[in-house]
Amino acid sequence: VQLVESGGGLVQAGGSLRLSCAASGSIFSINFMAWYRQVPGKQRELVAGITTSGGTNYADSVRGRFTISRGNVKNTVYLQMNSLKPEDTAVYYCTYGLGPDYWGQGTQVTVSS
């Protein structure tokens, strides 16, 4: 499974960004995909996850500000990030599988104060 992320960048506090992830390869029809993030010196944390049927879960720190969704194109996942805060600055990774089993290369999100 290959995961390609896009959409990171620099934004001011209070702004918005939308991350995209496209999965390819041996994809099961029923699967779980998620977004994790990592700050240097800290462990990666789960930001949001989504099942094939649309069930979602969120970290408390982003609930109400971030929305994970699946696209019309099969195995595409988005993360809409609104009301961004400087503490949201991190490298964001798209993942596939409950392990997670596969990770994307990561995309940098920087929120300036």
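1. A word on terms before the details: a residue is called buried under 20% relative accessible area, exposed over 50%, and partly exposed in between, with a 1.4 Å probe and protein chains only. With that in hand, C21 and C94 are both buried. Please keep in mind that this is a predicted model, where local features need pLDDT of at least 70, side-chain atom pairs count only at pLDDT 80 or more, and totals for chains, interfaces and linings use all residues. Residues are numbered from 1 along each chain as its sequence is written, and side-chain values use heavy atoms, with hydrogens and water left out.

2. Now the overall picture. The protein chain has 0 helices and 11 strands; here helices (H or I, at least four residues) and strands (E, at least two) are DSSP runs, numbered from the N terminus. Along the sequence the pattern reads β-β-β-β-β-β-β-β-β-β-β. For 113 residues, a compact globule would have a radius of gyration near 13 Å, and the protein chain agrees with its 13 Å. That radius is taken over C-alpha atoms, and the globule rule is 2.2 Å times the number of residues to the power 0.38. Along the principal axes, the C-alpha atoms fill a box of roughly 40 × 25 × 20 Å. Buried residues account for 43% of the 113 residues.

3. Back to the cysteines. How many disulfides does a search of the whole structure find? The search gives 1 disulfide, where the term stands for a pair of cysteine sulfur atoms within 2.5 Å. C21 and C94 are the two partners, with S to S at 2.0 Å. C21 belongs to strand β3 (residues 17–24) and C94 to strand β9 (residues 90–96), so the pair ties together parts that are 73 residues apart in sequence. The torsion about the S-S bond is about -80°, so this disulfide is left-handed.

4. Two strands pair if DSSP finds at least two bridges between them.

5. F66 stands opposite M81 in β8. Their hairpin has 5 residues between the strands, and N75 takes a positive phi near 65° there.

6. Two further hairpins share strand β5. The antiparallel strands β4 and β5 (residues 45–51) are joined by 6 bridges, and F32 faces T51 in β5. There are 6 residues between β4 and β5, and G41 in the turn has a positive phi of about 85°. On the other pairing, 3 bridges join β5 to the antiparallel strand β6 (residues 56–58), with T56 in β6 as the bridge partner of I50. This hairpin has 4 residues between its strands, and G54 in the turn has a positive phi of about 100°.

7. The aromatic side chains deserve a look too. Rings of Phe, Tyr and Trp (its six-membered ring) pair if their centres lie within 6.5 Å; planes under 30 degrees apart count as stacked, over 60 as edge-to-face and the rest as tilted. By this rule the count is 3 aromatic pairs. The ring centres of Y36 and W103 are 5.0 Å apart with planes at 55°, so the pair is tilted. Y36 sits in strand β4 (residues 32–38) and W103 in strand β10 (residues 102–103), so to speak distant parts of the chain, 67 residues apart. Y36 is buried at 16% relative accessibility, whereas W103 is partly exposed at 32%.

8. Another tilted pair is formed by Y96 and Y102, at 6.2 Å centre to centre and 50° between the planes. Y96 is buried at 4% relative accessibility, while Y102 is partly exposed at 37%. Ring pairs also link Y36, Y93 and W103 into a cluster.

9. Lastly, charges over rings: one counts if NZ of Lys or CZ of Arg is within 6 Å of the ring centre and within 35 degrees of the ring normal. The charged end of R44 sits over the ring of W103, 4.4 Å from its centre. R18 lies over the face of Y78, at 3.9 Å from the ring centre.
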